[in-house]
Amino acid sequence: MFITFEGIDGSGKTTQARLLVERLREAGRDVVLTREPGGSPGAEEIRALLLEGDPERWSAETELLLFTAARRDHLERLIAPALAAGKVVISDRFADSTRVYQGTRSGDLRESVDALHRLMIGREPDLTFIIDMDPEAGLARARNRGGGEARFEGFGAGLQARLRAGFLALAKEFPDRCVLVDGNRPIEDVAEDVARLTRERLP
Ligand code: TMP
């Protein structure tokens with residue numbers, strides 16, 4: 001089973017992914033936790049290119065190609081082999097992030113996002129948690145993290161609000177696999193919902 005966590009910057013999805021992994025391991029499942037961009041050595045190198053340095057470094061189109069290249073490597077080297085070996089794979093972000101972030105940055109890019117996805121990735125998660133979060137609160141959290149990665153946080157609260165709307169629309173676009181979870185609550189409450197929903201769907 002392939003499970004992904006999505007949401008705006010500072011939505012708490014990374015914490016929720018980690019908590020779900022802990023619970024599934026306690027239940028005896030063989031679980032791989034990974035993230036995007038990154039997750040394989042090559043894709044982690046592309047991550048540094050994408051997330052460090054001047055926020056205006058790449059055009060939306062170049063960015064789309066780099067995110068897709070990183071995903072292809074991640075899929076070939078980590079995700080596909082782990083799924084084939086019968087493991088549960090949990091990824092902190094996947095293709096939905098490209099649909100929303102790159103699709104939102106430049107209005108007419110969504111078609112290219114979908115075409116590239118069909119050509120080079122061609123795989124959807126079995127279950128996607130979209131952690132919904134107030135954009136101001138998310139941005140404040142993301143900025144508090146520090147570190148050298150700031151690409152999208154650098155574009156400010158207006159963009160975060162548009163991204164949130166993008167994720168809400170995505171949940172409607174893919175209702176079979178996407179579950180919207182209210183992230184504006186205590187971490188444990190959110191984790192409880194995520195664990196219950198996963199149990200209901202796991203074979
Ligand atoms: P993270 O902070 O959740 O690790 O994500 C890194 C940043 O990369 C975040 O601002 C969202 C962005 N991103 C995209 O714009 N497109 C993508 O396809 C992915 C995976 C991430």
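Analyst: Rings of Phe, Tyr and Trp (its six-membered ring) form an aromatic pair if their centres lie within 6.5 Å; planes under 30 degrees apart are stacked, over 60 edge-to-face, and the rest tilted. The structure holds 3 such pairs. This is a predicted model, in which local features need pLDDT of at least 70 and side-chain atom pairs pLDDT 80 or more, while totals for chains, interfaces and linings use all residues. Residues are numbered from 1 along each chain as its sequence is written, and side-chain values use heavy atoms, without hydrogens and water.

User: Why is the pair of Tyr101 and Phe167 called edge-to-face?

Analyst: The ring centres of Tyr101 and Phe167 are 6.1 Å apart, and their planes stand at 70°, so the pair is edge-to-face.

User: What makes this pair a tie between parts of the structure?

Analyst: Tyr101 belongs to helix 4 (residues 95-105) and Phe167 to helix 7 (residues 157-173), so the pair ties together parts 66 residues apart in sequence. Helices (H or I, at least four residues) and strands (E, at least two) are DSSP runs, numbered from the N terminus. Tyr101 and Phe167 are both buried, a term for under 20% relative accessible area, with exposed over 50% and partly exposed in between (1.4 Å probe, protein chains only).

User: Why does Lys13 count as buried?

Analyst: Lys13 has 8% relative accessibility, and therefore counts as buried. Lys13 lies in helix 1 (residues 13-26). Lys13 and Ile131 are 118 residues apart in sequence, yet 6.2 Å apart in space, C-alpha to C-alpha.

User: How do you know that the charged end of Arg177 sits over the ring of Phe174?

Analyst: A charge sits over a ring if NZ of Lys or CZ of Arg is within 6 Å of the ring centre and within 35 degrees of the ring normal. The charged end of Arg177 is 4.5 Å from the centre of the Phe174 ring and sits over that ring. Likewise, the charged end of Arg71 sits over the ring of Phe94, 5.3 Å from its centre.

User: What makes strand 3 largely enclosed by the rest of the structure?

Analyst: In strand 3 (residues 88-92), 5 of the 5 residues are buried, so the strand is largely enclosed. Both faces are covered: Val88, Ile90 and Asp92 are buried on one side, Val89 and Ser91 on the other.

User: How do you know that strand 1 and strand 3 pair?

Analyst: Two strands pair if DSSP finds at least two bridges between them. Strand 1 (residues 2-6) and strand 3 have 4 bridges, in the parallel sense. Strand 2 (residues 31-35) and strand 3 also pair in the parallel sense, over 5 bridges. Ser91 in strand 3 stands opposite Thr4 and opposite Thr34.

User: How many cavities of 30 Å³ or more does the search find, and what lines the largest cavity?

Analyst: The search of the whole structure finds 2. A cavity is a set of points on a 1 Å grid over the protein atoms alone where a 1.4 Å probe fits but cannot get out; lining residues have an atom within 4 Å of a point. The largest cavity has a volume of about 50 Å³; this is the space filled by probe spheres set on the points. Its lining includes Thr68, Arg71 and Ile121. Helix 3 (60-84), helix 4 and helix 5 (110-120) each supply at least two residues of that lining.

Key: On a 1 Å grid over the protein atoms alone, a cavity is a set of points where a 1.4 Å probe fits but cannot get out, and a pocket is an open set with protein on both sides within 12 Å along at least five of seven lines; lining residues have an atom within 4 Å of a point.
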